[in-house]
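Here is a short briefing on one protein chain. Look over the sequence and the structure first, then read the points below.

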Amino acid sequence: MKAMILAAGRGTRMAPLTDTCPKPLIPLCGKPLIVHHLEKLAAAGIKEVVINHAWLGRQIEEALGDGSQWGLTIRYSPEQEALETGGGVYQALDLLGTQPFLLINGDVWTDWDYSNALEQKITHESSEDALGCLWLVDNPNHNPKGDFALQGGRVINEPQLTFSGISVLSPALWSDATTGAYPLAPMLRSAMTDGRLLGRHLEGRWVDVGTPERLALLEQTLSAESAGVPR
């Protein structure tokens with residue numbers, strides 16, 4: 001299975017940190033946030049990674065190179081202007097191939113084992129097969145109402161839990177898509193309506209590193225743990 005890390009966002013909520021540094025390269029405990037994902041993907045046995053980028057994207061390519069230092073092969077999907085999640089993935093489909101892939105928001109952190117995603121089988125050989133699987137988490141303080149809900153192993157369009165930004169999706173989800181900038185959420189909701197999205201509760205810690213305050217708190221927590229300070 002290939003993986004794609006979404007790294008094209010401007011990161012306005014992280015300003016001024018992102019004024020001169022792309023959000024994926026902001027350091028967390030001494031290494032860029034995106035490197036935490038790359039290390040976990042390599043540990044899970046994933047070998048091929050696609051990264052899209054827009055804002056200060058050249059810095060991302062220069063910092064990560066071809067991925068060989070992590071035992072990975074990284075290919076890039078540069079965007080002249082950010083295409084949002086739906087359009088960004090559509091542009092990268094030629095790099096991702098025809099099989100389901102692991103999609104990760106680059107601005108989240110988790111200690112969840114990505115090898116769990118490899119065990120999720122997504123087939124799309126018939127109109128009734130699932131188009132993907134989303135991992136949901138308990139609602140954080142900044143999203144108290146949630147996004148979606150789980151019902152019988154499927155995701156339904158009712159606010160209850162928060163989408164983690166981690167999913168396994170089939171390229172078939174984009175079968176009717178076109179070039180351009182557009183979000184992923186309406187596509188997911190359409191698949192939910194058809195009963196074609198599986199769902200799981202993410203068993204592990206998860207943080208949306210979307211603001212300098214959340215970044216600082218996460219760094220403080222992880223640094224204390226590495227020093228042996230009980231949580």
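A residue is called buried under 20% relative accessible area, exposed over 50%, and partly exposed in between (1.4 Å probe, protein chains only). This is a predicted model: local features need pLDDT of at least 70, side-chain atom pairs count only at pLDDT 80 or more, and totals for chains, interfaces and linings use all residues. Residues are numbered from 1 along each chain as its sequence is written, and side-chain values use heavy atoms, with hydrogens and water left out.

**Overall build**

- The protein chain has 6 helices and 12 strands. Helices (H or I, at least four residues) and strands (E, at least two) are DSSP runs, numbered from the N terminus.
- With a radius of gyration of 17 Å, close to the 17 Å from the globule rule for 231 residues, the protein chain is as compact as a globular protein of that length. The radius is taken over C-alpha atoms, and the rule is 2.2 Å times the number of residues to the power 0.38.
- The C-alpha trace spans about 50 × 40 × 30 Å along its principal axes.
- Of the 231 residues in the protein chain, 48% are buried.
- Take contacts between residues at least 6 apart in sequence: 72% of them join residues at least 24 apart. Contact means heavy atoms within 4.5 Å.

**Nonpolar cores**

- A nonpolar core is a set of buried Ala, Val, Leu, Ile, Met, Phe, Trp, Tyr and Cys residues joined through side-chain atoms within 4.5 Å.
- The largest nonpolar core has 44 residues, and L41, I51, L64 and L102 have the most contacts inside it.
- Helix 1 (residues 33–43) gives this core its largest share, 5 residues.
- A second, separate core has 28 residues, including A92, L134, L161 and W174.
- I51 touches residues beyond four places away in sequence, among them I5, I34, L64 and Y76.

**Helix 1 and what follows**

- The buried residues of helix 1 are L33, I34, V35, H36, H37, L38 and L41.
- G45 follows helix 1, and its phi is positive, near 95°.

**Two loop residues**

- L131 sits in the loop between helix 4 (115–118) and strand 8 (132–137). L131 is buried, with a relative accessible area of 9%.
- The C-alpha atoms of L131 and R196 are separated by 5.6 Å, though the two are 65 residues apart along the chain. Beyond four places in sequence, the contacts of L131 include I122, L169, A191 and R196.
- G195 lies in the loop between helix 5 (185–193) and strand 11 (197–201). At 32% relative accessibility, G195 counts as partly exposed.
- G195 and R154 are 41 residues apart along the chain, and their C-alpha atoms are separated by 7.0 Å.

**Backbone exceptions**

- Most residues other than glycine have a negative phi, and most peptide bonds are trans.
- Which bond joins A15 and P16? A cis peptide bond does, with omega about 5°. P16 is in the loop between strand 1 (3–7) and strand 2 (27–28).
- C29 has a positive phi, near 55°. C29 lies in the loop between strand 2 and strand 3 (31–32), and its 31% relative accessibility makes C29 partly exposed.
- E84 also has a positive phi, near 60°. E84 belongs to helix 3 (residues 84–96), and counts as partly exposed at 45% relative accessibility.
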